[in-house]
Each structure stands twice: as C-alpha cells, then as structure tokens.
Amino acid sequence: MSHQEDLAAVQSRLDELVRRVGQLEQTVERLRASGPAAAPAAPAATVRTELVTIPDAPYDNALWTDSDDEGLGVRDRHAP
C-alpha cells in the first residue's frame, strides 16, 4: 500500500469518526432536552468499585510454589 493510499484510508476513517461523534452529540442533546423522565431506569444491581491498598512488602515466596509461568510452562523446564 502506498503512502497516498494509507493517507486516504486514514482520512476516510477520520471522516467516519467525525460523523459518528456528531450523531452521538445530537443524541445526547436530544436526551438532555427530553428531561430526566426519559432517562432509563437504574439497573437492579449496580457495580461498586472500591479501592484496595496493596502493601509494598514483598509477597511470601511460598505463594508461588508449584506455579507455572504463564506462557512459559513449569519452572526449570524449557519452553516449547
């Protein structure tokens, strides 16, 4: 693919993005204008996010006993 074709493809995707953002802005304006009565009902179960503090102390090495290294297999063996 030439640079001209790459630029044309990027411009096309950028134009599509601008078009869709415009549509989204119009939808948001319409929803705001219709007032809170048109807002969807809150879901029955809401997801709560809580911050968890992770200590700086090193983990106990016993936690990793008999663990596999992801994608590499068992320790002390060669990867396939």
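What is the accessible surface of the protein, and what percentage of it belongs to carbon and sulfur atoms? In this predicted model, the accessible surface comes to about 8,400 Å², of which 57% belongs to carbon and sulfur atoms.

**View 1. The fold of the predicted protein follows the pattern α-β-β along the sequence.** The protein has one helix and two strands, and 0% of its 80 residues count as buried. Where pLDDT is low, the predicted coordinates should not be read in detail.

**View 2. Glu 16, Arg 19 and Arg 20 are linked in a network of salt bridges.** Glu 16 forms a salt bridge with Arg 19, the closest N and O atoms being 2.6 Å apart, and the side chains of Glu 16 and Arg 20 also meet in a salt bridge, at 2.6 Å from N to O. Arg 19 and Glu 16 are separated by about one helical turn because they stand three residues apart in helix 1, and Glu 16 and Arg 20, four residues apart in helix 1, are likewise separated by about one helical turn. Glu 16 is partly exposed at 29% relative accessibility, as is Arg 19 at 42%, whereas Arg 20 counts as exposed at 52%.

**View 3. Val 52, Ile 54, Tyr 59, Leu 63 and Trp 64 make a nonpolar surface patch of about 600 Å².** Val 52, one of these residues, lies in the loop between helix 1 and strand 1 (68-69). Val 52 counts as exposed because its relative accessibility is 69%, and exposed means over 50%.

How values were computed:
Residues are numbered from 1 along each chain as its sequence is written. This is a predicted model: local features need pLDDT of at least 70, side-chain atom pairs count only at pLDDT 80 or more; totals for chains, interfaces and linings use all residues. Side-chain values use heavy atoms; hydrogens and water are left out. Buried means under 20% relative accessible area, exposed over 50%, partly exposed in between (1.4 Å probe, protein chains only). Accessible areas come from the Shrake-Rupley method with a 1.4 Å probe; for residues, only the protein chains shown count as cover. Patches are made of residues with over 30% relative accessible area and no salt bridge: like charges are joined within 9 Å, nonpolar side chains (Val, Leu, Ile, Met, Phe, Trp, Tyr) within 5 Å. A salt bridge is a side-chain nitrogen of Lys or Arg within 4 Å of a carboxyl oxygen of Asp or Glu.
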